[in-house]
Amino acid sequence: MKKITVNFVLNGKPVSVEIDENRRLLDMLREECGLTGTKEGCGVGECGACTVIVDGEAVNSCLVLAASVGGKSVMTVEGVQKPDGTLDPVQQAILDNHALQCGYCTPGFVMSAKALLMKNPHPTRDEIRVALSGNLCRCTGYEQIIQAVEDVASGKYNEMPAK
């Protein structure tokens with residue numbers, strides 16, 4: 001297999017990764033970059049567990065060729081929290097709303113919600129539902145997740161106390 005080098009920004013830092021030319025973004029992030037927060041659920045773009053943000057858009061990394069992110073910015077769930085380790089408001093709201101159980105789907109929900117709020121800081125409940133519609137959860141139920149995103153959109157987490 002032919003090797004290529006992909007240069008891109010990963011969680012705010014420039015990186016250069018050598019990969020097989022047909023490598024999926026999901027696999028490159030997990031294996032070459034060591035960022036295992038991005039999960040593989042279905043491998044065919046149906047569950048959203050592998051969602052990351054590429055140039056501001058939520059994408060299923062299982063469907064994206066790694067080579068296509070050359071020159072782009074990629075954010076994974078590891079890049080969401082603040083440098084001091086403080087959780088992002090989306091992450092904190094998910095915890096506060098008890099919007100997770102097993103946690104497998106949580107990184108994908110965090111990334112889909114983050115992408116929505118980056119584009120639209122005050123979405124309606126219907127807009128939240130649409131933005132999260134590509135993510136599946138088998139144990140929590142969606143109401144708590146939607147409520148968490150609504151709480152962030154309402155400004156409840158603008159002045160989060162340090163924990």
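**Talking through the model**

Author: Let us begin with the charged pairs: this is a predicted model, and the count of salt bridges in it comes to 11.

Reader: Okay, which residue does Glu31 form a salt bridge with?

Author: Glu31 pairs with Arg23, and the closest N and O atoms of the two are 2.3 Å apart.

Reader: And is Glu31 buried or exposed? What about Arg23?

Author: Glu31 counts as exposed, because its relative accessibility is 55% and the cut-off for that class is over 50%. Arg23, on the other hand, has a relative accessible area of 18%, so Arg23 is classed as buried.

Reader: What does Arg24 pair with?

Author: Arg24 forms a salt bridge with Asp27, where the closest N and O atoms lie 2.8 Å apart, and Asp27 counts as buried at 14% relative accessibility.

Reader: Which helices hold Arg125 and Glu143?

Author: Arg125 and Glu143 form a salt bridge with their closest N and O atoms 2.3 Å apart. This pair links distant parts of the chain, since Arg125 lies in helix α4 (residues 125–132) and Glu143 lies in helix α5 (residues 143–153), 18 residues apart. Both are partly exposed, Arg125 with a relative accessible area of 27% and Glu143 at 41% relative accessibility.

Reader: Which residues are joined into one network there?

Author: Through salt bridges that share partners, Arg125, Arg129, Glu143 and Glu150 are joined into one network.

Reader: New topic, strands. In which sense do β1 and β2 pair?

Author: Strand β1 (residues 3–10) and strand β2 (residues 13–20) pair in the antiparallel sense, over 8 bridges. Their hairpin has 2 residues between the strands, and Asn11 takes a positive phi near 50 degrees there.

Reader: And what stands opposite Leu10?

Author: In β2, the residue opposite Leu10 is Lys13, while in β5 the residue opposite Leu10 is Val74. Strand β5 (residues 73–75) pairs with β1 in the parallel sense, over 2 bridges.

Reader: How many disulfides does the structure hold?

Author: The structure holds 0 disulfides. Cys47 is in no disulfide, and the nearest cysteine sulfur, which belongs to Cys42, is 3.8 Å away.

Reader: Last one, about the inside: how many residues are in the largest nonpolar core?

Author: The largest nonpolar core has 25 residues, and Val90, Val110, Leu132 and Val149 are those with the most contacts inside it. At least two residues of this core come from each of α2 (89–96), α3 (106–119), α4 and α5, and α3 gives the most, with 7 residues.

Reader: Which residues does Val110 touch?

Author: Leaving aside residues up to four places away in sequence, Val110 touches Val77, Val80, Val90, Gln91 and Ile94. There is also a second, separate core of 15 residues, which includes Phe8, Ile19, Leu35 and Ala66.

Notes: Residues are numbered from 1 along each chain as its sequence is written. This is a predicted model: local features need pLDDT of at least 70, side-chain atom pairs count only at pLDDT 80 or more; totals for chains, interfaces and linings use all residues. Side-chain values use heavy atoms; hydrogens and water are left out. A salt bridge is a side-chain nitrogen of Lys or Arg within 4 Å of a carboxyl oxygen of Asp or Glu. Buried means under 20% relative accessible area, exposed over 50%, partly exposed in between (1.4 Å probe, protein chains only). Helices (H or I, at least four residues) and strands (E, at least two) are DSSP runs, numbered from the N terminus. Two strands pair if DSSP finds at least two bridges between them. A disulfide is a pair of cysteine sulfur atoms within 2.5 Å. A nonpolar core is a set of buried Ala, Val, Leu, Ile, Met, Phe, Trp, Tyr and Cys residues joined through side-chain atoms within 4.5 Å. Contact means heavy atoms within 4.5 Å.
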